Amino acid sequence: MHLQVLGSGSGGNAALVRAGELVLLLDAGLPLDELERRLDEVKVPPRRLDAIALTHGHLDHARAAGLLSKKSGARLYCSEAMMSNASVRRAHSLCVLPVGGRVTVRSRVGRDELELSSIQLPHDADPTLALRVEHQGRAAAVCTDLGTPEEAVGRALNGVQLLVLEFNHDPALLAAGPYTPALKRRVGGPRGHLSNAQASELLRHAAGPELHTLVLAHLSATNNTVALATAAAEATLRALGRAEVRLLVAEQDRVGPSLAV
């Protein structure tokens with residue numbers, strides 16, 4: 001199994017999972033033409049998509065989901081509460097992803113399949129989910145868009161080999177930045193986004209002995225820097241005795257490498 005971040009940030013989020021012949025897209029928040037361009041860049045035409053799974057209904061995660069499902073014939077998995085969302089109405093077919101549950105996602109060709117699990121997160125779009133995928137004894141997870149580093153979420157993420165985790169903002173940069181007071185309260189609130197310190201706290205619960213790759217995701221272009229996020233993650237990994245874990249930063253405008261899980 002391989003995972004490849006196609007884009008991460010407030011401008012749109014998507015990650016591709018390949019497990020044998022099965023191709024799964026986690027979130028489809030980029031504009032459709034840009035998402036198709038990035039899929040073409042990684043040599044995955046839309047017709048090769050077997051399924052799309054959504055974390056929540058905010059546009060930067062769901063924008064192109066319904067249209068891409070209709071165009072590609074891919075099944076679209078989302079929470080039952082999301083099925084009335086405008087972003088998914090045109091989907092080829094909708095499948096329920098249970099909150100806190102799991103489903104088996106199967107390839108349209110061949111016999112490959114993976115287990116897709118959801119973990120509920122504290123965010124101001126109900127429900128918001130972290131997504132965990134498992135295939136032939138390997139596991140990866142994408143966890144972004146949460147305002148509180150709940151220990152239970154960390155425990156649910158534990159055991160993955162590859163983790164994509166939100167390191168959204170630095171509180172000092174957020175406080176001094178150009179956002180309105182209301183937006184600052186939202187981002188820094190308990191149902192907003194993780195600061196670097198909060199992400200590090202969650203990482204302490206999530207980083208099991210199996211973890212070999214950590215991808216820092218959803219960094220704010222205004223309220224964070226790669227240096228600050230990386231320093232926080234590196235310090236936490238060192239404190240855990242896991243300095244050997246590979247550390248990468250997902251970008252908004254560039255496709256990341258294909259990472260073996």
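## Close-up views of a predicted model

View 1. Within α7, which spans residues 196-206, the buried positions are Asn196, Ala199, Ser200, Leu202, Leu203 and Ala206. These residues lie on the same side of α7, because they cover an arc of only 165 degrees around the axis. An α-helix has 3.6 residues a turn, so residues three or four places apart point the same way. The helix α7 lies across β10, β11 and β12, and runs at about 155 degrees to β11.

**View 2. The seven-stranded sheet.** The strands of this open sheet follow the order β7-β8-β9-β10-β11-β12-β13, and their pairing is mixed. At the edges stand β7 (102-106) and β13 (246-249), each of which has a single partner strand, so that one side of each is left without a neighbour in the sheet. From one strand to the next, the twist averages 20 degrees.

**View 3. The pairing of β11 with β12.** These two strands, β11 and β12, pair in the parallel sense over five bridges. Leu162 has Thr213, in β12, as its bridge partner.

View 4. With a disulfide taken as a pair of cysteine sulfur atoms within 2.5 Å, the model has zero disulfides. Cys78 is in no disulfide, since the nearest cysteine sulfur, that of Cys95, is 8.8 Å away; Cys78 is also buried, at 0% relative accessibility. Cys143 is likewise in no disulfide, the nearest cysteine sulfur being that of Cys78, 19 Å away, and Cys143 is buried with a relative accessible area of 0%.

Conventions: Residues are numbered from 1 along each chain as its sequence is written. This is a predicted model: local features need pLDDT of at least 70, side-chain atom pairs count only at pLDDT 80 or more; totals for chains, interfaces and linings use all residues. Side-chain values use heavy atoms; hydrogens and water are left out. Buried means under 20% relative accessible area, exposed over 50%, partly exposed in between (1.4 Å probe, protein chains only). Helices (H or I, at least four residues) and strands (E, at least two) are DSSP runs, numbered from the N terminus. The arc is that of the directions from the helix axis to the C-beta atoms. Two strands pair if DSSP finds at least two bridges between them. Axes are lines fitted to C-alpha atoms, for helices over the stretch in contact, and angles run from 0 to 180 degrees between N-to-C directions. Contact means heavy atoms within 4.5 Å.
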